[in-house]
Amino acid sequence: MPANPLITEQLGAGFPWLSLSIFFPLVGAFLVPFIPDKGEGKEVRWYALCIALVTFLITIGAYLQGFDPTIDDLQLSEKISWLPDLGLTWAVGADGLSMPLILLTSFITALAVLAAWPVSFKPKLFFFLILAMDGGQIAVFAVQDMLLFFLAWELELLPVYLLLAIWGGKKRQYAATKFIIYTAGSSLFILLVALAMGFFGGGAPNFEFSTLAEKAYGSSFQVLCYIGLLIAFGVKLPIVPLHTWLPDAHGEATAPVHMLLAGILLKMGGYALLRFNAQLLPIAHAQFAPLLIILGVVNIIYAALTSFAQRNLKRKIAYSSISHMGFVLIGIGSFSSLGTSGAMLQMISHGLIGASLFFLVGATYDRTHTLQLDEMGGVGQKMRIMFALWTVCSLASLALPGMSGFVSELMVFAGLVTDEAYTLPFRVVIAGLAAIGVILTPIYLLSMLREIFFGKENKNLVSQTKLIDAEPREIYVIGCLLVPIIGIGLYPRLVTDSYTTSIEALVKRDVAALEQIQNPSASLILSKGITPAVIKAPKL
Amino acid sequence: MPSAAEVAWLIPTLPLIGAVAVGLGLISVNSTINNLRKPVAITLLSCIGASTVLSYAVLAEQLSGAPEVEHLFVWASAGNFILPMGYVIDPLGAVMLALVTTIALLVMIYSHGYMAHDKGYVRFFTYLALFSSSMLGLIVSPNLLEIYVFWELVGMCSYLLVGFWYDREGAAHAAQKAFIVNRVGDFGLLLGILGLFWATNSFDFHGIASGLSDALSTGAVPQWAALTLCLLVFMGPMAKSAQFPLHVWLPDAMEGPTPISALIHAATMVAAGVFLVARLEPLYSQFPFVGLVIAVVGTITCFLGASIALTQMDLKKGLAYSTVSQLGYMMLAMGCGAPIAGMFHLITHAFFKAMLFLGSGSVIHAMEEVVGHEPILAQDMRLMGGLRKKMPITSRTFLIGCIAISGIPPLAGFWSKDEILGQAFNTFPFLWIVGFLTAGMTAFYMFRLYFLTFEGEFRGENKELQAQLMNLAEISNDEEDHQHQPGKLHESPWSMTMPLTALAVPSVVIGFVGIPWNSQFAKLLNPQEALEMSSHFEWGEFLALAAASVAISTAGISFAFFAYYRNRIDIEKLFANRFSVVNKFLQNKWYLDEINEKIFVRGSRRLAKEVLEVDAKVVDGVVNLTGLLTLGSGEGLKYFETGRAQFYALIVFGGVIALVALFGVLGPAPT
C-alpha cells in the first residue's frame with residue numbers, strides 16, 4: 001500500500017493517525033468515571049473493550065493508510081511546537097521500528113481488557129488504568145522527541161504501579177514498590193542523557209530524534225550516554241542482574257496486568273535499546289555490542305535455569321520471559337540486518353507468546369487457587385481444553401517450528417553466525433552457549449506441563465476446587481493470540497516485511513560506525529579478544 | 001492432466017487439513033466431535049488414503065524415469081539472506097512417500113480396532129494425521145532448514161503421542177524424555193546447519209556439499225571445522241534414530257499406544273535420521289572420517305540394542321531394543337558409504353517391524369482382557385504363552401516377521417541385512433564381525449519373543465505371578481483392577497488383523513526388489529551405482545557371506561528353539577547364573593538410564609536450584625540491601641510495605657515534572 005502523499009511533515013496536513021491513537025484511549029480513560037456502572041464492572045468492561053478495540057482499529061488504519069514499509073524514513077509524522085522555550089515539541093511518527101510495536105500494543109491491550117472480564121474489585125479504576133496505559137505505551141513507541149519519550153515512559157509507570165499495588169497478590173506492596181523504585185530510579189538516567197544530548201553542542205535545546213541523530217558526539221560522550229541508557233533500558237528489558245523486580249512484579253500481578261507486562265512493557269526496553277543505543281549512539285554501540293551479546297547469553301542460560309528450579313508457576317513463566325529476551329539482546333548486538341530483524345521479531349513474538357502464557361496462568365489460578373506446582377498434578381483430565389491450550393502455547397514458547405518463536409530465534413542465530421563483525425571463536429562460543437537454551441527451554445516448560453496436567457489426579461486439589469474446563473472467552477483470547485503466532489511461524493514475511501527496510505538502514509549506520517572505530521585504541525571498554533574491531537580482514 | 005509430482009505438495013497438506021479441522025473442532029465443540037468417531041475416522045482415513053494414492057502415482061512416475069521436480073518460494077529474507085522453502089520430488093523421496101503413507105494408512109485402520117474403547121479415540125486419530133503430515137513434509141523438504149522444521153514437528157507429534165495416556169505417570173516422563181533427548185540432538189543439528197550455512201551460504205543439500213568442498217579447497221574453511229560441522233549435524237540423526245548414547249528415549253517411548261510404537265517408533269520417524277544421512281550423502285561422502293564415526297556409532301548401537309533385547313521380559317521393550325539394533329545396522333550401512341543398502345534395510349525393516357509391533361499390540365489387546373489394563377502385566381511375556389491356538393492370524397504374521405528380521409532367505413530381511421553386512425565386510429572388516437554376531441543374537445531374541453509369547457502353556461491366569469510382577473514394579477494394586485472381570489483370550493477384530501496380513505506380504509516379497517545382482521531398488525535411486533554394483537557382483541563372495549549369515553541366524557533360532565520351546569537348554573543355569581555380572585549388566589540396560597538419571601537429570605536439577613538460590617539470595621539480596629541502605633534503615637522499607645508507597649510514585653512523577661518545568665523557567669540556553 002503506497003503512503004498517503006498528503007502526509008507530510010507539515011502541520012495539519014494529513015490525518016493525525018498517531019496522535020489520535022495516543023489520545024483516544026487516554027480521553028476514553030478519563031471518561032470512565034462517567035460510565036453508569038453498578039460497581040461490578042459489567043458495563044464499564046464493555047465500554048473499555050470498545051475503546052480498546054477502536055484504538056486497535058485506529059492503529060490498523062494508521063498502518064494501512066499512512067505507512068509504507070518500503071520507506072526507511074519516518075512516516076505518519078506530526079509536529080507541533082509545544083514549549084519552544086524548552087525545546088519541547090509534540091513530535092510523533094513511525095518507522096519500521098515503531099509501527100509493529102504500536103500494533104502489538106493496541107492488540108494486546110484489547111485482549112487484556114477481555115482477559116480482565118472477571119475483575120469486580122474497583123473495576124472503574126482498573127479499566128481507567130488499563131486504557132491510560134494503552135495511550136501511554138503507544139506514545140512510548142510513537143514519540144520522536146526524547147524529552148517527550150521520557151514523559152511517556154514515566155506516564156506508563158504509574159498505572160502499572162497502581163495496578164500492581166491494588167489488584168496484586170499477597171506481597172503486592174513489596175512488588176509494586178520494588179517495581180517503582182527500579183524503573184523510576186533507572187529512568188532518571190533517561191532524563192539525564194536526554195538533557196545532555198539535547199544541550200550538546202550549544203544552541204537552543206532540541207530533543208527531536210532527527211536532530212539528535214545528526215549531532216557529532218565525541219566518543220567518550222557517547223559511551224557515557226550509552227551506559228546511562230543501557231542501565232535504564234536494561235532494567236526494563238530486563239537484563240540480568242537488573243531483573244529482580246520482574247519475578248516479584250509478575251508473581252503478584254493479575255492476569256491482564258501480566259499480559260501487558262510481558263506483552264508490551266518488556267518490549268519498551270528492547271525498542272529503546274534499538275532506538276537510542278543502536279540508532280543515536282552508533283560509535284558507543286560498536287564498542288558495547290559484544291557486551292550486549294554476552295549479557296544476552298547470560299540472560300538465556302541463567303533465567304532458563306532459575307525458571308527450571310522455580311516451583312511457583314507465575315515466577316517460572318516470568319523467568320522464562322527473561323530467558324527469551326536474551327535473544328533480543330544478541331540480535332541487537334549482532335551488526336547484521338538478519339540478526340537485528342530477528343531481535344525485532346523476537347520482541348513481537350514473545351509479546352504474543354508471553355501474553356498467552358500469562359493469560360493461561362491466570363486462568364489456571366482461577367480454578368486451582370494455587371500456583372505451587374507441588375500442589376497441582378493430574379488436572380489434565382478435568383480440564384482437557386485448558387490442557388490443549390497450555391500445550392500449544394508452551395510449544396510455541398519453546399520455539400517449535402511453525403510458530404513465531406522459532407523464526408525469530410533462528411534469525412538471531414543465523415545473523416550472529418554469518419556475520420563477519422566478530423571473530424570466529426567468539427561467534428562459535430556464543431552460538432554454542434545460546435543453543436544450550438534450546439535444550440533448557442523444553443526442560444522447564446515440559447516439566448511444568450507434566451507437573452500440572454500429567455499423572456494421577458491430585459486428590460486434595462480435586463476435592464477442594466471446582467476444575468471447570470476453559471470457557472469460550474478464554475479460548476477466544478488464546479485463539480486471537482495464536483493466529484499471529486502461527487501466521488508468523490508459517491510465513492514470517494507477514495511481519496518482517498514491515499520493518500526490514502528500517503532495520504537495514506539502522507544496521508548500515510552501525511556497521512559504518514564499526515568501521516570507523518577500526519582503530520583499536522578507540523576501544524575503551526573491552527579487551528581485544530572480544531571487540532568486534534572489524535575482523536573482516538581474513539575471511540576466517 | 002498435470003503430473004503427480006506437480007501436485008505432490010498435496011501429499012503432506014491433505015492430512016494436515018484434516019488434522020487441523022478436527023483439532024479445531026475438538027477445541028471448540030469438544031463433546032460433539034468426540035462423539036463423531038466414525039465420521040472423523042473416515043475423513044482422516046480418506047485424507048491419508050488420497051495421499052497414499054498420490055504417493056504411488058509419484059513413485060510410478062519416478063519409476064518410469066521422470067525427472068526431479070522442485071518448487072521453491074522465498075520464505076524469509078533479510079539483507080542478502082534468502083531462505084527458500086518448497087518441496088522436491090526425487091526417487092529417494094518418492095520411495096519414502098509411498099512407504100510412509102502405506103504404513104500410516106494401515107496403522108490408522110488398525111487403530112480403529114485397537115483404540116475402539118478409548119475415550120481419546122478422536123484425539124488419537126487427529127494426532128496420527130498430524131504426524132503423517134509432518135513426516136511427509138520432512139520427506140519432501142528440499143533443504144536442511146526445512147528438514148529441521150519438520151524434524152521438530154515429528155518430534156512434537158511423538159511427544160504428544162507418547163504422552164497420549166497422560167494420566168499414566170510413566171507416559172508423562174517418557175514423553176518428556178523423548179522430547180528432551182531429541183532436543184539434545186537437535187542442538188547439534190541446529191548448530192551444524194548454521195555452521196554449514198556460514199561455510200557455504202546454502203541450506204540446500206547439493207549446495208552444501210559442493211560449497212563445502214570448494215571452501216575446503218580454497219582454504220576458507222579448515223578441515224577440522226568441516227569435520228566438526230558434519231559431526232554436529234550427525235547429532236540430529238543420532239537422537240532421532242536412537243543411536244548410542246542418545247537411544248535412551250526410544251524404549252521408554254513404548255509407553256505410548258502400540259499403533260504409535262509401530263508407526264512412529266519403528267517404521268517412520270526413527271528412520272528419519274537414517275533418511276537425513278542418506279540425503280546428506282553428497283556431503284558425508286567427502287569425509288571418510290565422518291563415515292567411520294557413523295559406522296562405529298551404528299555398530300555400537302546395533303550390538304547394544306541386540307544385547308539388551310536378549311533379557312527383556314516386556315514384549316514391547318524387546319521389540320523396541322530390536323528396533324534400536326536394526327537402526328544401528330542402517331547407520332552402519334550409511335557409514336560404509338552404502339546409502340542404498342541402508343535405505344533398503346530401512347524399507348524392509350519398516351514393513352516387518354511395523355507388523356511385529358502391530359502384532360504385539362494385538363497380543364496386548366487380548367491380554368488386557370485377562371489381566372487388565374496395567375501395562376506391567378499386559379506386556380510381560382512371563383504371563384503369556386500358548387497364544388498361537390487362540391490367535392492364529394497374529395501368531396502367523398508374527399512368525400513371518402521373526403523369520404524376516406532374522407535374515408532367513410528369501411524373506412525381506414535377508415536381502416537387506418546381507419547387503420549391509422557385505423558392504424561392511426568390504427569396508428570395515430572388524431565392524432562386520434560385530435554386525436555378523438549381532439545377526440545371530442537377533443535371530444535368538446526374536447524367536448525367544450515368539451516362543452515365549454505364542455508357544456507353550458498360557459500363564460496369564462497365574463495370580464501369584466501377577467502379584468509378584470506388580471511388586472517388582474513397585475506398583476500397588478488399584479481398586480479398579482480388583483473389579484476387573486477376567487475375560488477370554490480371542491483373536492483381534494478384522495480391523496486389526498487385516499493390516500497385519502497386508503504387512504505380511506511385503507515382509508515376504510519386498511526383498512526381491514533389491515537382489516544384489518539385479519537391484520531394481522538401486523536402479524531407481526542411483527542408476528550409475530546400480531550398474532557398478534551389478535558389475536562388481538561376485539557369486540562366490542555373495543554365497544559365502546550369505547551362507548555364513550544364514551548359518552549364524554539358524555544357530556540363534558535353534559538355540560532359542562531348544563531353550564524356550566523344547567526346554568532342553570536351561571538358560572538360567574547355562575548363562576545367567578554363570579555370568580551373573582553380564583546378566584545384570586544387560587538387564588539394567590548397560591546402566592545407561594542410571595547414569596543418565598544421576599548425572600544429567602539430577603545434575604541439572606541441582607545446578608538450577610543453586611542458580612535460583614544465588615538469584616534469590618545474592619542478586620536480589622544486593623538489591624534489597626541497597627534499598628535498605630538508601631532508605632536509611634529497615635524502618636524505611638516497612639514504611640513502604642504499609643501502603644503509602646503510592647505517595648512515593650507521585651513524588652517521583654511530580655519531581656520529574658518539576659525538573660522539566662525548572663528547565664523551562666531557566667529559559668532557552670543562551671546562544
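Trainee: How many residues of chain A are in contact with chain B, and how many of chain B with chain A?
Mentor: In this predicted model, 70 residues of chain A are in contact with 60 residues of chain B, where contact requires C-beta atoms within 7 Å. Several helices of chain A give two or more residues to that side, including helix 5 (146–167), helix 14 (384–397) and helix 15 (404–418), while helix 16 of chain A supplies the largest share, eleven residues. By class, the side of chain A that touches chain B has 42 nonpolar, 20 polar and eight charged residues.

Trainee: What makes helix 14 of chain A "mostly covered"?
Mentor: A residue is buried if 20 or more other C-beta atoms lie within 10 Å of its own, and 13 of the 14 residues of helix 14 of chain A are buried.

Trainee: How do you know that the end-to-end span of helix 5 of chain A agrees with expectation?
Mentor: The expected span is 1.5 Å times one less than the number of residues; the 22 residues of helix 5 of chain A should therefore span 32 Å, and its end C-alpha atoms are 32 Å apart, which agrees. Helix 14 of chain A, with 14 residues, reaches 20 Å from its first C-alpha to its last, close to the 20 Å expected. Helix 14 of chain A is followed by A:Ala399, whose phi is positive, near 60 degrees.

Trainee: Why are helix 15 of chain A and helix 18 of chain A called oblique to each other?
Mentor: Helix 15 and helix 18 (residues 472–490) of chain A pack at an angle of about 45 degrees, with their axes 6 Å apart. Roughly parallel would need an angle under 35 degrees, and roughly perpendicular one of 65 to 115, so the two helices are oblique to each other. A:Ser404, A:Phe406 and A:Val407 of helix 15 meet A:Ile485, A:Ile488 and A:Gly489 of helix 18, and these residues divide into four nonpolar, two polar and no charged.

Trainee: Which residues touch the most other members of the largest nonpolar core?
Mentor: Of its 442 residues, these are A:Leu111, A:Leu164, A:Met259 and B:Ala354, and helix 16 (residues 339–371) of chain B gives the most to this core, with 19 residues. Beyond residues up to four places away in sequence, A:Leu164 touches several others, among them A:Ala175, A:Phe179 and A:Val257.

Technical notes
Residues numbered from 1 in each chain as written. Chains lettered and ligands numbered in written order. Predicted model: local features only at pLDDT ≥ 70, side-chain atom pairs only at ≥ 80, totals over all residues. Contact = placed C-beta atoms within 7 Å. Helix = DSSP H or I, 4+ residues; strand = E, 2+ residues; numbered from the N terminus. Nonpolar A, V, L, I, M, F, W, Y, C, P; charged D, E, K, R; others polar. Core = buried A, V, L, I, M, F, W, Y, C linked by C-beta atoms within 7 Å. Buried ≥ 20, exposed ≤ 12 C-beta atoms within 10 Å, placed from the backbone. Axes fitted to C-alpha atoms, helices over the stretch in contact; angles between N-to-C directions. Parallel < 35°, antiparallel > 145°, perpendicular 65-115°, else oblique.
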